[in-house]
Amino acid sequence: MPQAYQQLPLEEAPSLGSRDDASEHEKWEFRSEKKWSLRSITSSHWSWIVQTAMLSASITLFIVSMCKQSSSSSSSSAGQANQIPMTWSPLNEAIKYEITRFDLPPVPEGPFVGQGDDKDIMWDYITDGVPDTMVTREEMIKMNMDPNGALEVTDPKTGKRGFRVAIEVFHQLHCLNLLRQANHKAHYAPQGGDTAAEPMDLHGHLDHCIDALRQFVMCQADTNVFPFRFPFEDGDPWPDYSSPRMCRNYEKVRDWAVAHGVAQGVNEPEH
């Protein structure tokens, strides 16, 4: 702020006999002018200053609120994730999550649908062609499984002892394959295998597979949704199952299972 010091005319000035008195008078004039300038600026800009302060306070409160909300949301999500009970499996290291879409047109088609050698090759690749594996006693206990009384085997390749285990996904696919073959029993029964079993045995096997798959589906409780469309333009709505969903990469799991496969020993009982 510029200084507003002013020298008084001689007739108004006090006696110069005392320089201290003159100095005091000049100081008084300076302070008086300075106070007047402050009052003038405050009066003319008071509204603008108040509005600026209020805007700054509002922005600050908004930022603080968003930060708290983000932190609360992250903490809540992390808390929920930490609360999900997880089972341990040696295959957990092979899991890779990805977003994919189901391929389910209104008229079923594809390499896994129907009967024939080409279909059997595909199904063998994803299920019966994948070997079991073997885990240690410590790993059995880690999975909350009692090793006592479980089938203990020797790996023919390494000579190591352990407990034979099957991987659930391949069992589930085996059950689906049996349902497929039973749906085309006239083609598969003459070839032998599960569909050639006695009716009571086949029905028992099918009931086992149906209930196993029921429990698996209910356990997963898929919460994805799908819309309905009109693929035939006849006014009849059909489900559109191609909505995106989170899946585990099957090939990663299969590769792990093949790499850790344990062949059946010479004296090992059938299972």
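**Strand pairing**

In this predicted model, M134 has R164 in β4 as its bridge partner. The two strands concerned, β2 and β4 (residues 161–165), are antiparallel to each other and pair over three bridges. Strands of a sheet pair through backbone hydrogen bonds, in either a parallel or an antiparallel sense.

The pairing belongs to an open sheet of three strands, ordered β2-β4-β3 with antiparallel pairing. At the edges are β2 (133–135) and β3, each of which pairs on one side only. From one strand to the next, the twist averages 60 degrees.

**Positive phi in two loops**

Most residues other than glycine have a negative phi. N144 has a positive value, with phi near 60 degrees. N144 sits in the loop that runs between α3 (137–142) and β3 (152–154). Its relative accessibility is 74%, so N144 counts as exposed, the cut-off being over 50%.

E233 is not a glycine either, and its phi is positive at about 50 degrees. This residue is found in the loop between β5 (228–229) and β6 (238–239). E233 counts as exposed because its relative accessibility is 74%.

**Second largest pocket**

The second largest pocket has a volume of about 380 Å³. Its lining consists of 14 residues, and those nearest the pocket centre are D128, V130, D132, A166 and H271. Sorted by class, the lining of this pocket comprises six polar, five nonpolar and three charged residues.

Conventions
Residues numbered from 1 in each chain as written. Predicted model: local features only at pLDDT ≥ 70, side-chain atom pairs only at ≥ 80, totals over all residues. Heavy atoms only, no water. 1 Å grid on protein atoms, 1.4 Å probe; cavity = no way out; pocket = protein on both sides within 12 Å on 5 of 7 lines; lining within 4 Å. Points joined across faces, edges and corners; volume = space filled by probe spheres on them. Nonpolar A, V, L, I, M, F, W, Y, C, P; charged D, E, K, R; others polar. Helix = DSSP H or I, 4+ residues; strand = E, 2+ residues; numbered from the N terminus. Buried < 20%, exposed > 50% of the residue type's maximum accessible area, 1.4 Å probe, protein only. Pairing = 2+ DSSP bridges. Axes fitted to C-alpha atoms, helices over the stretch in contact; angles between N-to-C directions.
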